[in-house]
Amino acid sequence: MDKIPLTSEDLRAGVAAGYLTEAQASAVAALAHDRAGRRMALPAEDEPFEFFRGFAEIFVAVGLGILFAAVVLLVGALGGGGRVVLLVSAACAAMAWGGAEYFTLKRRMMLPSIVLVCIFGGAIFLLSPLFFFRAGDHGGIALSALATAGALALWYRRFRLPFTLFVLGVAVLVALYALTSGITGARAVSTSFHGLIFDLQRSPLFSMTTLVFGIMAFAAGIWFDSRDPYRLGRHSATGFWLHLLAAPALVNTVAMTLFNMGGTVGVLSTAAALLVVTMIALIIDRRSFLTAGIVYFALIIAWLVQGGQQGGGPVHKAVVLLLLGILITSLGTWWTALRAQVMSALPAFPGKDRLPPYAETE
């Protein structure tokens with residue numbers, strides 16, 4: 001009898017179909033890889049990510065988008081007032097929840113589920129002022145965003161859709177922005193968008209709250225990753241979206257603060273911070289942190305190419321892009337080998353065995 005290899009895709013399909021739990025799938029994968037004794041038994045360059053599973057999902061998602069857009073346009077055409085808008089928002093939230101009962105729980109369609117949770121979050125945000133109308137402008141927005149986050153938490157509890165926590169995190173960020181702009185003044189915060197909003201020295205309140213948010217999202221992402229180190233199921237996908245939230249908040253706050261110090265000290269400090277970010281990305285096997293730092297990599301390369309001078313002509317810019325492209329492509333190409341060397345060189349530390357496995361270097 002010919003042997004049929006069991007792949008990670010087979011295990012994911014088994015989890016999705018309900019034949020295996022995530023714990024059982026992880027246990028089977030752990031046994032297989034422990035017998036193989038190396039990470040190379042898995043697809044070497046794979047960091048599982050699933051946005052949709054086929055054109056049928058795209059087709060359904062487009063249909064859902066058109067359906068809800070038609071509802072909104074119809075209300076606008078009929079000249080609906082504030083109460084009508086609230087009523088339609090409640091109806092859209094209910095329709096999205098009902099749609100998720102079918103498309104998420106029964107059909108397990110990824111992209112339509114993402115569209116539905118976005119519609120649900122937006123509808124709840126528009127519906128929330130009905131309860132928080134007495135609050136001030138910034139307070140009302142913050143309360144509405146927090147109410148949206150609470151509703152999305154219930155959505156996640158019901159449907160276990162990983163993308164839900166990304167939308168929930170965005171709602172929390174909106175609340176943080178509303179609160180900090182309400183305290184420091186909307187104009188002071190909005191004018192900081194031109195390179196200063198994440199600077200701990202020039203926009204301390206918003207930057208600190210963003211930094212704390214990034215740390216919390218990062219910790220939550222690590223927790224989900226540790227429950228699925230072989231990245232076969234829902235926990236790993238949830239961790240991906242949380243890291244996608246954490247990376248810009250952490251990297252932007254630290255790197256921008258250091259870079260805005262100016263001069264050689266600022267550039268070298270930013271370079272050191274990016275080195276630490278690269279090490280963290282390799283250790284946890286998440287490329288999102290490096291993606292968030294691409295702009296700062298470009299700034300440092302530009303500083304080196306231009307000899308510490310500002311500006312630069314087309315040739316300098318072309319060289320910067322060339323070197324940046326080589327750097328990012330090289331990291332992506334030899335990611336697995338670099339990670340294996342880093343992980344093998346690091347001593348044992350708490351939780352190391354719960355990180356994604358790696359090839360032992362000889």
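Let's start with C92. C92 counts as buried because its relative accessibility is 6%. Buried means under 20% relative accessible area, exposed means over 50%, and partly exposed is in between, with a 1.4 Å probe and protein chains only.

A word on the model. This is a predicted model, where local features need pLDDT of at least 70, side-chain atom pairs count only at pLDDT 80 or more, and totals for chains, interfaces and linings use all residues. Residues are numbered from 1 along each chain as its sequence is written, and side-chain values use heavy atoms, with hydrogens and water left out.

C118 counts as partly exposed, because its relative accessibility is 38%.

Now the whole chain. It has 16 helices and zero strands. These are DSSP runs, numbered from the N terminus: helices are H or I with at least four residues, strands are E with at least two. Of the 362 residues, 41% are buried. Take the contacts with a separation of 6 or more: 65% of them join residues 24 or more positions apart. Contact means heavy atoms within 4.5 Å.

First, A175, in helix α8. A175 is buried because its relative accessibility is 2%. Not counting residues up to four places away in sequence, A175 touches A142, A145 and L146. L146 is 29 residues away along the chain, yet the two C-alpha atoms are 6.3 Å apart.

Next, L161. Where is L161? In the loop between α7 (137-159) and α8 (163-184). L161 counts as buried because its relative accessibility is 5%. Leaving aside neighbours within four places in sequence, its contacts include M110, S113 and W155.

M110 leads us to the largest pocket. That pocket holds about 790 Å³ of space. Of its 29 lining residues, M110 is among the closest to the centre, along with E50, R53, G233 and R234. α1 (8-17), α4 (82-106), α5 (110-127) and α11 (234-259) each give two or more residues to the lining.

A pocket here is an open set of points on a 1 Å grid over the protein atoms alone, where a 1.4 Å probe fits, with protein on both sides within 12 Å along at least five of seven lines; lining residues have an atom within 4 Å of a point. The volume is the space filled by probe spheres set on the points, which are joined across faces, edges and corners.
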